[in-house]
Amino acid sequence: MTATLAVATPKIVVQAGNYARHNTIVSFEMKNAAGKGLKSADGALLPLQNYGKITFFILPDLEKGASASFEIVDAPTAKNAIEAKRDGTKVKFTLDGKAVFDYQAEAGQLPRPDIKEAFARGGYIGSVWSPSGRLITDDFPPNHIHHHGIWFPWTKTEFEGRHPDFWNMGEGTGRVEFVSLDSFHGGAVFGSFSAQHKFVDLIAKPTKTALNETWQVRLFNAGEGAWIFDLISTQKCASDSPLKLPKYHYGGLGIRGHHDWNGAGQTHFLTSAGIEGTVANETRGNWCWMGGLVDEMETGIAVLCHPENFRAPQPFRAHPSEPFLCLAPSQLGDWEIKPGEDYVSRYRFVVRDGAPDKDEFNRAWNDYAHPPQVEVE
C-alpha cells in the first residue's frame, strides 16, 4: 500500500502590532493571487487582488496585539465593486455604482470661453465626490484658474539657469503635460490607474522637459462610510540637469476644495496636531483635513503624508480665504531633484461626510504608516 502525504494548506498570519485594525488595507508578496481568496477561522471568504508582485486584501477587524490566520484557498471570482471606465479625456472610478473620482488624462475642453488656452491641462484628478454624492473639489475656479482638484506642480524653480513656474500656468514659463495612460482597471479589492506626465520648461528654446513623472493611484474597497485612495508620484530628471527648488511657501501636492468654501472662514482645516482653521498654515503634521458645507452637510477630504516622504511630516499651506491645501516641502528650505535619484511621494486620501473625526484619521494614518505585518506559511 502506498502512503499518501497530506499537503498542508498554505496560509498567512497577520499581526496587528501596536494598533487596533478596522477595514485595514493589507499587502504581502504572493506570486499569483488569481482565483484565490482568504478563508478566515469563522469561514468568511476575503477576496485577494494582485498589483504586480504585491497582493492586497481588506482586513475587517483585529485587536491591538492580536494575530489572525487565514487559509489561502481557491475562490470564485469576486464581483468588481470598483469600476474604471474611460470616458473621452477622463477615466471615471465608481465604487458600488457611486462616483468617487475622475482622472483627467488629456487636457479637456476649457469650461469657460474667457479662459486662455495656456491654462489647458491634463494629468490630474479633477472631481472627487463624498460617499453621499457631494462634490468636494473644484476645477478651473475663477479666482485661481490654474487650480485643479488634486494636482502636483512645482512653483518656484531653477532649471539650467532658467526659472520655469509649473504651477502658475498663465505666465507661460512652464507646464505639466499628460503623456500617456499606461493602465486602468477595476477590481474587488481595488481599482487603479498608472499614467505618465512631464514637466516642460517653456522658457527654453526649443522647450525642454525637466522632469518625467509617473502616477500610480489605487482606490480601495475598504468598507462603509469613507473613500480611501492612494497616490504614489515618482519624479525623475529628464536630463543630466537637476531641478532646483528654492525655499517657497507653496508648491507640490495641491488640493482645491468646493467653490462653496470660498471666503474667509468658509473652509475648515484640522491637522493631526489638533490645529484648527487657517492657523494650520506653515505647520507640520501626519495629516490635514480640509472641508466645509456642501448642500447643508459638512464634508471633506483628509490627506495623509507617508512617513517615508521627503521632509515628513511635510508642512502645510492652508489658504486664509480660499479652499486650498498644499503639502509643501519647500517651506523648509532649498533642495533639488537630482539626476539618477527618484523623488517618490506617497499620499493617502480619506474622504468622509460629517465633521472631521481626529481619532478616525489617526487610525487611518497608523494603518498607512504602520501596516499590519504578514507572514506567509
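Q: How much space lies in the largest cavity?
A: The model is a predicted one. The count comes to one cavity of 30 Å³ or more. The space in the largest cavity is about 60 Å³.

Q: Which elements each supply at least two residues of the lining of the largest cavity?
A: The residues that line the largest cavity are Asn23, Thr24, Ile25, Ile228, Arg348, Arg363, Ala364 and Asp367. By type, this lining divides into three nonpolar, two polar and three charged residues. The elements that each supply at least two of the lining residues are strand 2 and helix 1.

Q: Is asparagine 23 buried or exposed?
A: Asparagine 23 belongs to the lining of the largest cavity and has its place in strand 2. Its phi is positive, about 50°, although asparagine 23 is not a glycine. The cut-off for buried is under 20% relative accessible area. Because its relative accessibility is 15%, asparagine 23 counts as buried.

Q: What is the volume of the largest pocket, and which residues lie closest to its centre?
A: The largest pocket holds about 540 Å³ of space. It is lined by 22 residues, and the closest to its centre are Ser27, Phe56, Arg218, His306 and Pro371.

Q: Which helix supplies at least two residues of the lining of the largest pocket?
A: The lining of the largest pocket divides into twelve nonpolar, four polar and six charged residues. At least two lining residues each come from strand 2 (21-29), strand 6 (54-62), strand 15 (208-220), strand 16 (227-237) and strand 25 (343-353). The helix that also supplies at least two is helix 1 (358-369).

Q: Which residues are closest to the centre of the second largest pocket?
A: The second largest pocket has a volume of about 330 Å³. Its lining is made up of 18 residues. The closest to the centre are Lys36, Pro47, Leu48, Thr77 and Ala78.

Q: Which element gives the largest share of the lining of the second largest pocket?
A: Two or more residues of this lining come from each of strand 3 (36-39), strand 4 (45-47) and strand 5 (49-51). The lining of the second largest pocket divides into ten nonpolar, seven polar and one charged. The largest share, three residues, comes from strand 4.

Q: What radius of gyration does the protein have, against that of a compact globule?
A: The protein has one helix and 26 strands. Its C-alpha trace spans about 85 × 50 × 40 Å along the principal axes. For 377 residues a compact globule would have a radius of gyration near 21 Å, so there is agreement with the value of the protein, 22 Å.

Q: What share of the accessible surface belongs to carbon and sulfur atoms?
A: Of the 377 residues, 53% count as buried. Among contacts between residues at least 6 apart in sequence, 68% join residues at least 24 apart. The accessible surface comes to about 16500 Å², and the share belonging to carbon and sulfur atoms is 48%.

Q: Where is the proline whose cis peptide bond has an omega of about 0°?
A: The cis peptide bond with omega of about 0° joins lysine 205 and proline 206. Proline 206 lies in the loop between strand 14 (190-201) and strand 15.

Q: What is omega for the cis peptide bond between alanine 312 and proline 313?
A: Proline 313 is placed in the loop between strand 21 (297-305) and strand 22 (316-318). A cis peptide bond joins alanine 312 to proline 313, with omega of about -5°.

Q: Which residues is threonine 283 in contact with, leaving aside its neighbours within four places in sequence?
A: Threonine 283 is found in the loop between strand 19 (268-271) and strand 20 (287-294). Because its relative accessibility is 16%, threonine 283 counts as buried. Leaving aside neighbours within four places in sequence, its contacts are Thr271, Ile275, Gln314, Pro315 and Phe316.

Notes. Residues are numbered from 1 along each chain as its sequence is written. This is a predicted model: local features need pLDDT of at least 70, side-chain atom pairs count only at pLDDT 80 or more; totals for chains, interfaces and linings use all residues. Side-chain values use heavy atoms; hydrogens and water are left out. On a 1 Å grid over the protein atoms alone, a cavity is a set of points where a 1.4 Å probe fits but cannot get out, and a pocket is an open set with protein on both sides within 12 Å along at least five of seven lines; lining residues have an atom within 4 Å of a point. Grid points are joined across faces, edges and corners, and a volume is the space filled by probe spheres set on the points. Helices (H or I, at least four residues) and strands (E, at least two) are DSSP runs, numbered from the N terminus. Ala, Val, Leu, Ile, Met, Phe, Trp, Tyr, Cys and Pro count as nonpolar, Asp, Glu, Lys and Arg as charged, and the others, Gly among them, as polar. The radius of gyration is taken over C-alpha atoms; the globule rule is 2.2 Å times the number of residues to the power 0.38. Buried means under 20% relative accessible area, exposed over 50%, partly exposed in between (1.4 Å probe, protein chains only). Contact means heavy atoms within 4.5 Å. Accessible areas come from the Shrake-Rupley method with a 1.4 Å probe; for residues, only the protein chains shown count as cover.
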